[in-house]
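Good morning, and thank you for making time for this item. I shall go through helix packing, then the interface, then the charged pairs.

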Amino acid sequence: MHKIKVEQNSLHLKEEEVVITEFLDSLKLIVSGTVYCAIPTFQSQTLEIVLEENSHLTLEFFLELQNTKNKICILNGENSQLDLHYSCKYSGENEFRIENRIKTNHNRNVILIRGVDNEGTLFVHAVGDILEDTKDNAYLEDIKVITSHQNSIKIKPDLKVSSNAVLASHNATIGPIEENELFYLESKGLDEATSSSLIKDGFLKGIINEEVFKDL
Amino acid sequence: MLKISNLTVKTGDKIILEDFNLEIEEGSIHALMGHNGAGKSTIAKVLMRDKNYEVVKGSITLNDQDLLKMNTTEVARCGLFLVGQNPVEIAGVSNAEMLRTSLNDQGKNTLNILEFNQKLTKICEKLEIPSSFIHRDINYNMSGGEKKKNELLHMWMLEPNFLILDEIDSGLDVDSLKLVGDSIKEYFEEYHPTILMITHQKTLLEILKPEKVHVLQNKKIIQTGDASLAEKIFKEGFSGASIIDRGNLDA
């Protein structure tokens, strides 16, 4: 896995595993073949992802957001796959907009978002638009957030499906830490704060490759 | 000595235990039996200070320490250790991470990371589980038997002095049940903990040989005896052994 600092507005990734440590305010990411990409910082930036025909991108974020406005736009080439895992702890006021317009066929996009409230707010606007005359596409959005303050998180799903031959779903779950998990760790001698911190970190790490981000 | 006196417990509006009394001498093994729903697991949860169970009156002391003044962490640090019927799965938190954090926070970790992993590996071998369990998420995606063995991995590392085994035998096949029973027996012989076991199964009673067997009915212990009481229950059932008045129970 190699680390790169991107100093131009466009980057072509092809059959590689890469960590993008830094990029400018906006970046167009063109993907060919099978690519793994990890991004540890995302600060009020825009990422445009172009998946070429027959490509497969696994894109993982493990972020501490503070007063950010981030945007990701996705464009699928025919028969492409995207696994997007966006894991964040948020403080301050944050917005995250994700747009996916599917104009081609045989695509599979899975978007997993995990958030932990660190005394902040997060507004997630998830736009999915599957156009008419497309076929055999699958689109899944799954958003889970741990917070004790329901008003710290606002999720706006905007899923428009104009095709008949598509599997599309949106799921959002918001709630505090599971009491039985907290009790379990406390019953092993951990105090409440440590138990809570382990559970939250575990929740965020659950969708990303921990080994990659551990080194960063 | 664990001493529970006149304990009344409720969850929500429902009284589960009423004027419940139990004494367990240090280093002894006691078994608690009774029909499903009699309140056996409630005792386990109350001892571990589960917030969902409210103590209305009574007292619980362990070697003259008032357990009711403690929270779950403090009770665990006193040496109490619960193995529940269906241990919780925690994604993203590994066994090693939890155990090391717990031992460090309690000032009980004298091992460096290499020695710590070596100790865990030896325990895994003893429990016939792969050493990959060390870095697996706690009970996550494990079978019923693996979860119970995983709990014993925690037991051997944390070295508690009071085990509460709440139907640890449920969901285990014959071989796993024997392995789990033998491991607890080995731990008992090495560390001499006090054990309160809640069970419906004969095998575990035969392996651990409790000194006293208590029968819980109508929110309190109605009979105490030696191992022969359990044998009688297994032969004749609670009703057949004239221990529980079925009509009274249904009422």
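**Helix packing and the chain interface**

In chain B, helix 4 (residues 113-126) packs against helix 5 at an angle of about 135°, with their axes 10 Å apart. This is a predicted model, in which local features need pLDDT of at least 70 and side-chain atom pairs count only at pLDDT 80 or more, while totals for chains, interfaces and linings use all residues. Residues are numbered from 1 along each chain as its sequence is written, chains are lettered from A and ligands numbered from 1 in the order in which they are written, and side-chain values use heavy atoms, with hydrogens and water left out.

A word on terms. Helices (H or I, at least four residues) and strands (E, at least two) are DSSP runs numbered from the N terminus. Axes are lines fitted to C-alpha atoms, for helices over the stretch in contact, and angles run from 0 to 180 degrees between N-to-C directions.

Helix 4 and helix 5 of chain B are therefore oblique to each other; angles under 35 degrees count as roughly parallel, over 145 as roughly antiparallel, 65 to 115 as roughly perpendicular, and the rest as oblique. Their crossing is right-handed, meaning that the near helix is turned clockwise from the far one by less than a right angle, anticlockwise being left-handed. On the helix 4 side, Phe116(B), Lys119(B), Leu120(B), Ile123(B), Cys124(B) and Lys126(B) meet Leu153(B), Trp156(B) and Met157(B) of helix 5, where contact means heavy atoms within 4.5 Å. These residues divide into seven nonpolar, no polar and two charged; Ala, Val, Leu, Ile, Met, Phe, Trp, Tyr, Cys and Pro count as nonpolar, Asp, Glu, Lys and Arg as charged, and the others, Gly among them, as polar.

Helix 5 (residues 144-158) of chain B also packs with helix 3 (residues 95-105) of chain B, at about 25° and with axes 11 Å apart. That pair is therefore roughly parallel, and its crossing is right-handed.

In chain A, helix 1 (residues 179-186) and helix 2 (residues 192-205) pack at about 125°, their axes 9 Å apart. These two are therefore oblique to each other, and helix 1 passes helix 2 in a right-handed crossing. The residues of this contact comprise four nonpolar, two polar and three charged.

How much area do chain A and chain B bury between them? The figure is about 1,900 Å², 60% of it on carbon and sulfur atoms; buried area is the accessible area (1.4 Å probe) that two parts lose on being put together, summed over both. Phe183(A), Tyr184(A) and Lys188(A) supply 35% of the area that chain A buries against chain B, more than any other three residues. In contact terms, 19 residues of chain A touch 30 residues of chain B.

Finally, salt bridges, each a side-chain nitrogen of Lys or Arg within 4 Å of a carboxyl oxygen of Asp or Glu. Two salt bridges are counted between chain A and chain B. Lys205(A) forms one with Glu97(B), the closest N and O atoms being 3.6 Å apart. Within chain A, Lys89(A) pairs with Asp201(A) at 3.4 Å between the closest N and O atoms. That bridge links distant parts of the chain, strand 9 (residues 81-102) and helix 2, with the two residues 112 residues apart.
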